[in-house]
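Try each task before you read the solution.

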Amino acid sequence: MTTWAAEAEPGPAGPTDDERLGALLLEGGLLTEDVLDQALAARAKRSSNLTRILLDDKLVSESDLVATLAAHLGLEYVDLSEYPVDAAAARLISDALARRYLALPIGWINGRLLVAMADPSNIFAVDDIRTVTGAEVRPAVATRGSILAAISKYHRLDSDAENISAQAASTFESETDLSSVRGVNEDAPIVKLVNLLISQAIADRASDIHIEPGEFDLRIRYRIDGVLHEVMRPPKNIQSGIISRLKVMADINIAERRIPQDGRVTAVIDGRRVDLRVATLPTVHGEKMVMRILDKSTALLRLTDLGFLPENMVRYEQSYLKPYGTILVTGPTGSGKSTTLYATLNILNDESKNVITIEDPVEYQLAGINQIQVNVKAGMTFAAALRSILRSDPDIVLVGEIRDKETAVIAIEAALTGHLVLTTLHTNDAASTPQRLVEMGVEPFLVGSAIDCVVAQRLARRLCDKCKQAHRPEHSELVSVGWDFERHGSIDAGVDIFRAGGCGACGNTGYYGRFAIHEVMEITEESERLIVERGHSDELRKLAISQGMLTLRQAGLTEVQRGVTSMEEILRVIA
């Protein structure tokens, strides 16, 4: 039992206190009167206190007992098996300090660091943690066992990676020794290291894991909120072991190193099923490997979670609720296009509609939707699949990407024959999208007639609420970025914006999480006429702006004015 609890409820020397504890447990419904009487009677026989008897005889669980005492003393109790621990906060203190005080930072509340402690009365622990982290500490109570388990979980990369890496290095005589990889068991150091890298990436909210061979070592980086962060540099001679282990997991040819290969891994890490999309790329120093972590919750996001400004949401909603037409979502790779389309499908999908998707690859499996995987070797291209599914009586068709003229023409014609077509294209902004289709070989009159809406988007990092700093820029700086003084207000009128700070919660980056910035262009009669006449994209952009379209820059600066992100971040992601 913890020190503070033992002091609060003494043993045989103070029977009244034991009776008070018993009354608390009775009041909370954790004990019956008969069980409490038996426990009190056993006290004298065993020369023990009520707390010890209740725990030894398993009459009350430690978590229930600690929670009851914490509530009685006015302390906050957290169940670490259910609490969403902030991994970045947990690593604000070292493994040694956490174990010495049985204390672990688990998150932030109103700018204060929430620390789970087995003994919240330990003022030395609170002072040391405050000094190390530079943050005000808010103690909370947790059981000793749950704190130790959480420390082991969130400090593994720091404490274990170096040891496992050294063990793995001693296993391989050279970086070309593959014989030991083929028959490894789950306790092998290389297997532990690979599992550790994946589980730590998930804990750190990474979207990708990059394993990059160098001349003398191996660099491992995580992409978190769209930015790469180096996490490890293991020795060169385990490079082949890591790559080969991942190839085995992804069912990729372990002996082929000369050409790029793709695969998929489904693994159970820390009791959680994880899907990874794996790609290898030959480089001068060996094979680089990138693993995309597929978070299934992404496929269940709602449109309202994606960051649409109210006026953009209204314009987009008017388009996807129509029974036919084409909706194009554009932007660079990794800008969240597929997520936007999945969120749209989640709204449109019901039993009255036949929804079919063609994807390369199928990243997320959606209930109630027919999903087709492109297989070029077997002849199942986007165009071939699209041509076939149009004979399957679809109401809504999602085409993963328009890559060629054939796919573009069939998708456009499908929209003109009564289908709602959702698809993506790689263009820089909404206004240049119709021209891109015309350049691919689609007739302008088809493009103008079929397209209903074009959404260009980018992903920007969200400022960390714990450390963002108010900032009042110069008037000239606002003018240079295209600040709309009528829409966003004037700094002279007392308008502040925020910029990134840096704290433990966000890994000292100043940002935590991402959101999408959208440019929604509806195709009106005027814009359709301009497309048919092969008008320049600049003319189309000016027309769309005059009809109420917010450009990516304007939408981004609106988020700056709202305090969601910084001006530097908008300039980073939007030209």
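**Exercise 1.** At what angle do helix H22 (residues 525–532) and helix H23 (residues 537–546) pack, and how far apart are their axes?

*Solution.* Keep in mind that you are looking at a predicted model.
- Step 1: The two helices pack at an angle of about 175 degrees, and their axes are 10 Å apart.
- Step 2: Angles over 145 degrees count as roughly antiparallel, so H22 is roughly antiparallel to H23.
- Step 3: Now find the residues that touch. H22 contributes Glu526, Ser527, Leu530 and Ile531, while H23 contributes Glu539, Leu540 and Leu543.
- Step 4: Sorted by class, this contact of H22 with H23 has four nonpolar residues, one polar residue and two charged residues.

**Exercise 2.** Describe the open sheet that contains E1, E2 and E3, and find the helices that lie across its strands.

*Solution.* 
- Step 1: The sheet has three strands in the order E1-E2-E3, and its pairing is mixed.
- Step 2: Strand E1 (103–109) and strand E3 (137–141) are the edge strands, as each pairs on one side only.
- Step 3: On average, neighbouring strands of this sheet are turned by 30 degrees against each other, direction ignored.
- Step 4: Look at one pair. E1 and strand E2 (residues 112–117) run in the antiparallel sense over six bridges, and leucine 104 stands opposite alanine 116 in E2.
- Step 5: Helix H8 (residues 123–133) lies across E1, E2 and E3 and runs at about 140 degrees to E2. Helix H9 (residues 144–154) lies across E1 and E2, at about 80 degrees to E1.

**Exercise 3.** Which way do the residues of strand E13 (residues 396–399) point, and are they buried or exposed? Then identify the strands that pair with E13.

*Solution.* 
- Step 1: Ile396 and Leu398 point one way from E13, Val397 and Val399 point the other way, and all are buried.
- Step 2: Strand E11 (residues 355–359) pairs with E13 in the parallel sense over four bridges. Here threonine 357 stands opposite leucine 398 in E13.
- Step 3: E13 also pairs with strand E14 (residues 420–425), again in the parallel sense over four bridges. In this pairing, isoleucine 396 stands opposite leucine 420 in E14.

**Exercise 4.** Examine the backbone at proline 361, leucine 102 and aspartate 251.

*Solution.* 
- Step 1: A cis peptide bond joins aspartate 360 and proline 361, with omega about -5 degrees. Proline 361 sits in the loop between E11 and strand E12 (370–373).
- Step 2: Leucine 102 is not a glycine, yet its phi is positive, about 45 degrees. Its place is the loop between helix H7 (95–101) and E1.
- Step 3: Aspartate 251, also a residue other than glycine, has a positive phi near 60 degrees. Aspartate 251 belongs to the loop between helix H13 (239–249) and strand E7 (261–269).
- Step 4: Check the surroundings. Leucine 102 has a relative accessible area of 13%, so this residue is buried. Aspartate 251 has a relative accessible area of 73%, so this residue is exposed.

Note on methods. Residues numbered from 1 in each chain as written. Predicted model: local features only at pLDDT ≥ 70, side-chain atom pairs only at ≥ 80, totals over all residues. Heavy atoms only, no water. Axes fitted to C-alpha atoms, helices over the stretch in contact; angles between N-to-C directions. Parallel < 35°, antiparallel > 145°, perpendicular 65-115°, else oblique. Contact = heavy atoms within 4.5 Å. Nonpolar A, V, L, I, M, F, W, Y, C, P; charged D, E, K, R; others polar. Buried < 20%, exposed > 50% of the residue type's maximum accessible area, 1.4 Å probe, protein only. Pairing = 2+ DSSP bridges.
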